[in-house]
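Reader: I'm new to this one and would like a close look at a single part. Could you walk me through it slowly?

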Amino acid sequence: MGETKKVFIGLTIYVSLAAIGLVVAAFVTEHWISAFAQKKNNTLSRNASETVGKFTGNITFGLFAGTRKVNYGVGAREQTIEVVCDGAAGYCLLYNTTAVDKKTKLQMVVDEYNNASTVLASSSVKKELYEFGLFPYGLWVATIVLSALGMAWGLVSIGFSIFNIAGKPIETITGPMGLYLWNGLALLFTALGMVMYLVLYFRYYQYNVLPLEDRLADYTTENNTDLDYSFYLLVAATGLYFINLLFLIFSGAKLKCGFTREADKVIDNGIILY
């Protein structure tokens with residue numbers, strides 16, 4: 001293998017490590033969403049600082065947990081919120097600490113949603129999930145699983161990159177074509193994870209990230225919800241996997257099937273023939 005090719009394939013190792021690190025950082029940080037809450041009759045503009053004014057609030061959360069700080073008029077109270085899901089029911093809920101058990105709380109809200117939907121089934125009015133602080137379990141778990149698979153394929157690409165630099169790959173799948181495949185799969189699954197979360201955001205989160213009790217108190221986050229930096233770490237990881245494919249192109253690695261010259265060796269009675 002030429003030195004130029006080794007350099008570019010070596011670069012893909014470091015880029016893949018950086019991409020995996022970004023996805024891990026996205027998973028453990030709690031800033032996928034940031035939102036400003038206010039009462040519907042409140043004319044205050046969004047406050048970018050940490051200060052929460054009267055009848056306003058700030059909410060930030062990630063894939064698993066976050067922080068909610070809402071001022072009901074007697075001072076801001078900070079609470080930890082968690083994403084609670086029920087795969088059987090098919091829903092997730094942003095839960096803030098109360099005396100009610102998390103699973104019980106989720107079931108109570110799901111029941112309220114189902115009851116409201118049943119009552120309104122014959123009318124033109126439709127109750128949306130986000131009005132109850134609910135969102136689909138499938139989209140949430142798809143974001144996690146697809147992003148995790150992106151990391152897994154990134155690790156596979158690192159292993160085969162090292163093998164291509166230090167060893168002599170014979171089969172097509174272990175050579176340059178395999179490098180395109182593993183990096184392409186890492187790019188695909190990370191991008192799909194990103195898309196799943198965008199669907200969550202545009203279909204649910206941008207309208208409401210508040211628990212039902214806040215909605216009943218006439219608070220809203222509609223038009224005041226943004227994607228935060230943790231999400232953009234996933235976007236950056238997707239971009240890095242794309243850069244890896246460019247490095248492979250620059251390395252001169254060809255997308256072709258077949259075996260290397262090592263495969264032309266024939267063994268006859270224990271003797272290697274050429």
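Reader: Take helix α1 and helix α6: at what angle do they pack, and how far apart are their axes?

Author: Happy to, and bear in mind that this is a predicted model. Helix α1 covers residues 3–28 and helix α6 covers residues 229–251; they pack at an angle of about 170°, and their axes are 8 Å apart. Since an angle over 145 degrees counts as roughly antiparallel, that makes α1 roughly antiparallel to α6. As for what sits in the contact of α1 with α6, there are 20 nonpolar residues, five polar ones and one charged one.

Now let's step to S161, which is found in helix α3, residues 137–166. S161 touches I9, T12, I13 and L179, leaving aside residues up to four places away in sequence. With a relative accessibility of 1%, S161 counts as buried, because the cut-off for buried is under 20%.

What about the nonpolar inside? In general, nonpolar side chains of soluble globular proteins tend to be buried together. Here the largest nonpolar core has 64 residues, and the members touching the most other members are F61, L134, F135, Y197 and Y205. Helix α4, residues 176–205, gives this core its largest share, 10 residues. Pick out Y205 and you'll find it touching I33, F61, F135, Y197, L200 and T225, again not counting residues up to four places away in sequence. There's also a second, separate core of five residues, with A142, L146, W182 and L185 among them.

Then come the charged pairs. The count of salt bridges comes to three. One of them joins D214 and R68, whose closest N and O atoms are 2.6 Å apart. D214 is in helix α5 (residues 212–216) and R68 is in strand β3 (residues 65–71), so to speak distant parts of the chain, 146 residues apart. D214 is buried, at a relative accessible area of 0%, and R68 is buried too, at 7%.

Another salt bridge pairs K69 with E78, with 3.6 Å between the closest N and O atoms. E78 counts as exposed, at 54% relative accessibility.

R203 is partly exposed, with a relative accessible area of 33%, whereas E128 counts as buried at 18%.

Note on methods:
Residues numbered from 1 in each chain as written. Predicted model: local features only at pLDDT ≥ 70, side-chain atom pairs only at ≥ 80, totals over all residues. Heavy atoms only, no water. Core = buried A, V, L, I, M, F, W, Y, C linked by side-chain atoms within 4.5 Å. Buried < 20%, exposed > 50% of the residue type's maximum accessible area, 1.4 Å probe, protein only. Helix = DSSP H or I, 4+ residues; strand = E, 2+ residues; numbered from the N terminus. Contact = heavy atoms within 4.5 Å. Axes fitted to C-alpha atoms, helices over the stretch in contact; angles between N-to-C directions. Parallel < 35°, antiparallel > 145°, perpendicular 65-115°, else oblique. Nonpolar A, V, L, I, M, F, W, Y, C, P; charged D, E, K, R; others polar. Salt bridge = Lys/Arg side-chain N within 4 Å of Asp/Glu carboxyl O.
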